[in-house]
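Look at the strands and helices first, then read on.

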Amino acid sequence: MSLSPSKPSRASIAEALGWSVSSMDGWRLLVLAVFMLVLTPLLVVAGSFLWPQPELWKHLQQTLLTDLLFNTLWLVLGVPIGTLLLGVSLAWLTATCAFPGRRIFSWALLLPMAMPAYVLAFVFIGLFDFSGVVPTQLRSWFGPGLSLPEIRSVGGVIVVLSLSLFPYVYLLARNAFLTQGMRAMEAAQSLGCNRWQGFFRVALPMARPWIAGGVLLVLMETLADFGTVSTFNYDTFTTAIYKMWFGFFSLEGAAQLSSFLVLIALVLLVAEQSQRRRRRYTPGGRSGQSGERLVLSCWHRWLASGYCALILVVSFLLPVAQLARWATESFGEEFDERYYAWLGHSLLLGLLAALLVAAVALALAYARRRHRDPLTKWLVWFSGLGYALPGSVLAVGIFIPLAHLDNLLIDAAGHWLGWSPDAILRDTVAIMLLAYLIRFLAVGHKAIDSAMQRIRPSIDEAARLLGTGGLTLLRRIHLPIVSGGLATALTLVFVDVMKEMPITLMTRPFGWDTLAVKIFELTSEGEWERAAVPALFLVAAGLLPIMLLIRKMER
Amino acid sequence: MTPILSLQDISQAYGRQRIVNQLSLELEDGQIGCLLGESGCGKTSVLRTIAGFEPLLEGEIRISGQLVSQPGRSLAADQRKVGMVFQDYALFPHLTIYDNVIFGCKGADKKRAAQQVNKLLDTVGLGNSQKKYPHELSGGQQQRVALARALAPQPKLLLLDEPFSNLDVTLRERLSLEVRDILKEQGTTALMVTHNQHEAFAMADLVGVMRSGEIQQWDTAYNLYHHPVNPYVADFVGEGVLLPGLVSANCRVETGLGLLDGLCCVEMTPGTAVNVLIRPEDIVYDPEYQPNVEVLRRHFRGPSTFYTLAMADGTQLQMLMPSTSNHLPGTRIGIRAQVQHLVLFPTQQPS
């Protein structure tokens, strides 16, 4: 018998967290598999430094790297400020003030979410570029010497991204103002604050965790953005990754560039998760009662309406109108049977990814239900963090290991079957689907999990006592309760995948062009009119989840 | 002396629906008033109008003689020097207890404000929790913070909106007595609204029973209970039944329980058909008596037992007895009425 304390082995740590070899079952295997999948791109990106590319980096350092860093920095500074100003002001007005059209604006201001940022980008360039619609018109009025700000600039990118992403901040801030704004404002007023003081001393600081959460989501989207910056020819890491892969054919270099993005994304992720935790406090009580709104003076009222209308027009109505104009002009010559293939691919990929994500999310939710130990909880939580990883990073991080796996498979096939194809996995949509799964699992998981939360253990117990169990329980209790969440998850993922650009662009098998890929190709040649046709399809599809959101908001 | 608060015939409406109708009341310096009524009777609207959160349809509101609300014009809430304790406390979750309480203190003298806040926090028994955040406190403690915060700027008038409704029953009465002591110690004039008569009686000097936007009676708790002005107040405050009877002479009524006499304030001509208010404590068990009622139900309340009785003609009575008594349902017992305050309401003539 040894008296020396034995070190805890790895198995016993897992046991302490509630896992042991004997307790391994299908659910836990699945949780572990999904966790490994999400971890893979991170490991690949980190591991890429094992194959240093000194030549490439020297070249990068001399030319691109400083530009990339500064370009990214401007966006990371500018877009949050833009979305913050727009989102918070609009949320405050629609949540707490009374002015004409408030009810309509409060949902209509979510419409910009239906338009992918890269669509807004090319519409803006088409409208405001030197030879665009607006400057041409202005010059015809004020003379050819008129100098206008250049749209293809840092400012232009920031404006477009802000107009496209502000609804994230708007939605969260509005939620905060609605649940606690008015009561807190009244308390502040009874303590001698006027409206401005009340807003800055109470309402705004109270909503800070929500607003910060919205801004962090905006930052993640900004970092992940590929379509907008490439339309503007504004180099950031996402476009650099693309060029490294498809220009220099260096996957390792692409993976190493990805590491920058991963680092920033991880920082954002930590910040975002901690803000989420701070969002617990919500004083209960009566809120959002009609009639309890700040009454604005006459011209302030119209100013508020005018401001909301302006943002709505610039960020959604005007671009849609312009798209419609271009599309009708080019539809006759542009639209042909190729479109059926692109549309078909977009729909099929969306559908496949939606089903995959929903199935995995549902399985994870059930796994969490079966196993309430901390390790399972942590693994499931981690699996939902892929939304922070930019699509370009995922494309690289999934393609590299699968290509290696493919080579192994090809060797094996040649060895055992005497069959030597050029590619097995690389010719399928498997890579895309796995990358989509990682990126959009959180979207599906959130919708399904919040529905599952409503099936409290006592419901199962009650059903059992009433003589229902097994599949009948699933069919009569679980399915009806979860179905709403399932439908939401399917819709959200379906549309997100249709709009998704970098993963599709970089990992699609030959011949798998989609609407988003088509938009990328057409806009990189400056063919705004022709790009309007596929863009309108995407905007129409994008309206679906927005309608879901609006319905949920009005309830 | 000018009253601190004066409401003159105020009316309010949401859209077309009137929720407060021609309501008037006054509070002298240092008085604690209470509006008591069921939910939806308009009491909270009155409070919110006094605070300046809602407009007035008719009438006027004065605070220390200064006109603050009249139809179409109203002084901003932050200019009124009125403190408010909200039903949900509305503590600022992002500020510590200390920062919550000092929030409303204005003026250059920071040191004095800090002293004042420390004293107040000691008074409400939270001197040790200054650095904590609201969500770290229990409901009762949050309530006290809300009170301290409202008192800190030394308002002319304090409004309390259902201040104890989020607390459990045992805490409610204890805290309402405590709050009364604090307010009296500070000499604060206050108006509270509640639907709970025990809170109202524990807190207030003057209580107004409200029904559909009107005050039925604005009086001391004693008078509300013993001299209710109408059947609604009699029914709403306390327990009891209305027993039909006929006035035989001044302060004498013939009823199913025999001839009742007692103190009465209203003179009535003999022969008037009336309803007599019989409180449970007006019924006395008398073992000498011929059994004249049947015990229907018995409700053990600890110190006393509450009986529901049925007279021969089916009329029900209520009786309160020490809980050592033990009359089983179904048994017949002898009782008589011993009424001190004779409360009579003329029976409405069928028209």
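B:Gln12 has B:Val20 as its bridge partner in E2(B). Strand E1 (residues 5–14) of chain B and E2(B) run antiparallel and are joined by seven bridges. Strands here are DSSP runs of E with at least two residues, helices are DSSP runs of H or I with at least four residues, and both are numbered from the N terminus. Two strands pair if DSSP finds at least two bridges between them.

This is a predicted model, in which local features need pLDDT of at least 70, side-chain atom pairs count only at pLDDT 80 or more, and totals for chains, interfaces and linings use all residues. Residues are numbered from 1 along each chain as its sequence is written, while chains are lettered from A and ligands numbered from 1 in the order in which they are written.

**The five-strand sheet of chain B**

- The open sheet that holds E1 and E2 of chain B has five strands, in the order E2-E1-E4-E5-E6, with antiparallel pairing.
- Strand E2 (17–27) and strand E6 (73–74) of chain B are the edges; each has a single partner strand, so one side of each lacks a neighbour in the sheet.
- Strands of a sheet pair through backbone hydrogen bonds, either parallel or antiparallel.

**The four-strand sheet of chain B**

- Another open sheet has four strands in the order E19-E18-E17-E20 (chain B), and its pairing is antiparallel.
- Its edges are strand E19 (316–322) and E20 of chain B; each has a single partner strand, so one side of each is left without a neighbour in the sheet.
- Strand E17 (residues 293–300) and strand E18 (residues 304–311) of chain B run antiparallel, joined by seven bridges.
- Three residues lie between the strands in the hairpin of E17(B) and E18(B), where B:Gly302 takes a positive phi near 95°.
- B:Glu294 faces two partners: B:Ala310 stands opposite in E18(B), and B:Arg332 is the bridge partner in E20(B).
- Two bridges join E17(B) to strand E20 (residues 332–333) of chain B, and these strands run antiparallel.
- Seven bridges link E18(B) and E19(B) in the antiparallel sense.
- In E19(B), B:Leu317 stands opposite B:Leu309.

**Helix pairs in chain A**

- Helix H10 (residues 208–224) and helix H13 (residues 251–277) of chain A have axes that come within 9 Å and cross at roughly 160°. Axes are lines fitted to C-alpha atoms, for helices over the stretch in contact, and angles run from 0 to 180 degrees between N-to-C directions.
- H10(A) and H13(A) are therefore roughly antiparallel. Angles under 35 degrees count as roughly parallel, over 145 as roughly antiparallel, 65 to 115 as roughly perpendicular and the rest as oblique.
- The contact of H10(A) with H13(A) has eleven nonpolar, two polar and two charged residues. Ala, Val, Leu, Ile, Met, Phe, Trp, Tyr, Cys and Pro count as nonpolar, Asp, Glu, Lys and Arg as charged, and the others, Gly among them, as polar.
- Helix H2 (residues 26–47) and helix H17 (residues 391–417) of chain A have axes that come within 8 Å and cross at roughly 85°. H2(A) and H17(A) are therefore roughly perpendicular.

**Where the chains meet**

- In all, 22 residues of chain B are in contact with 19 residues of chain A. Contact means C-beta atoms, placed from the backbone, within 7 Å.
- Strand E7 (residues 82–85) of chain B gives the largest share of the side of chain B that touches chain A, three residues.

Definitions and conventions. Two residues are in contact if their C-beta atoms, placed from the backbone, lie within 7 Å.
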